[in-house]
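Morning, everyone. Let's look at how the pieces of this one pack. Here it is.

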Amino acid sequence: MDKGSLASALGSPSVFGQSQFALVRGNAFEAKVKADGGAELLRLVHEKLDRGAEPPAEARVEVPDLSATGPEGRAARTALALRDATGTAGAWTLLDHPMLALEVAGSPAFLEPDAVVVHPDGSWTVVEIKSFPMLDGSADPAKVGAAARQAAVYVLALERVAARLDPAPRVRHRVLLVCPKDFSNLPTASAVDVRKQRAVTDRQLARLTRIQEIADALPEGVCFSPEQSAEELAAAVEAVPATYAPECLSACELAFHCRARSRDAGAVTRLGRPVRAELGGLSTVEEVLAAARGEAGDPDDPAVAALRRAARLRAEALATAGAGPGGPAGAGGAPEIGADIGVGSGEVSACR
């Protein structure tokens, strides 16, 4: 289903996304890297990954046309181009935006790497081009990690293509990450080993529940068509269990809808998974506040005990500060526990 259209039909449209400035800058940098038939890109591949091969400037370089109708046609055309390039000894081949297919939970997913290079020895390398800078030879570890996880998926998809050839060519587990050098627009590159990310992704894909099994668990007749009324769509979405967390805002088009549902239900998870983990069996804000006030909860529960201790410390702090009637502590200086919950140094604290 199109979750973006579904979110708009529910009245909670998705508003996140990459800025147009970032897209234009990224596209301009990628075009610069691939200019002149990919000469600079192939030079970086040779320099960082395959110094023993004949330099691209002295060898034959091919850039096959991968255009075809639809993602299935492009994936088939890419597979043919990879087969032909592997059989051409001594030549470098650059596949610009190839299309790969990978089965995810029993359904094909189509992937489009920035580039795939076939070396003169017939091995294959994934190339990722990113617009974040590489300062003094290193880049932001979080961004490099995200790029490595993305490239690992492409490596897995390439291995599926290679397995259909006889003999199967080698898919290199060191990918090339190309970024701007320092604060310029000049490309530089680094080899990134993605064996760990590839193994983790492979295990995760193997453990995924198949889409057919998920569909079979849905109520009979449930439908997510945006053409339905908002009430019918909301009921359909309610039929699928979901647990909202702030991280969803950067990854899911339905995050704003689920956040509103989470707020209505008073779910603690909307404050973050770490907070939810600290609070144990207390799953709603109301339960947390009642436990902090001593109105509910098992005193032997570590989370309940921590909440009550935090409430006592707050009351003592306000009393020491001389909070009286009409002061910040409320009438008579009694502590008023609010709905904001913070976690620090392994101790849960309830704040006003």
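Start where helix 2 meets helix 3. Ala31, Lys32 and Val33 in helix 2 touch Ala35, Gly38, Glu40 and Leu41 in helix 3. Contact here means heavy atoms within 4.5 Å. Helices are DSSP runs of H or I, at least four residues; strands are E runs, at least two; both are numbered from the N terminus. By class, this contact has 4 nonpolar, 1 polar and 2 charged residues. Nonpolar covers Ala, Val, Leu, Ile, Met, Phe, Trp, Tyr, Cys and Pro; charged is Asp, Glu, Lys and Arg; the others, Gly among them, are polar.

This is a predicted model: local features need pLDDT of at least 70, side-chain atom pairs need 80 or more, and totals for chains, interfaces and linings use all residues. Numbering runs from 1 along each chain as its sequence is written, and side-chain values use heavy atoms, without hydrogens or water.

Now the geometry. The axes of helix 2 (residues 20-33) and helix 3 (residues 35-49) come within 6 Å and cross at roughly 85 degrees. So helix 2 is roughly perpendicular to helix 3; that label covers 65 to 115 degrees, with under 35 roughly parallel, over 145 roughly antiparallel and the rest oblique. Axes are lines fitted to C-alpha atoms, for helices over the stretch in contact, and angles run from 0 to 180 degrees between N-to-C directions.

Next, the sheet. It is open, with 6 strands in the order 1-2-5-6-7-8 and mixed pairing. Pairing takes at least two DSSP bridges between two strands. Helix 2 lies across strands 6, 7 and 8, at about 115 degrees to strand 7.
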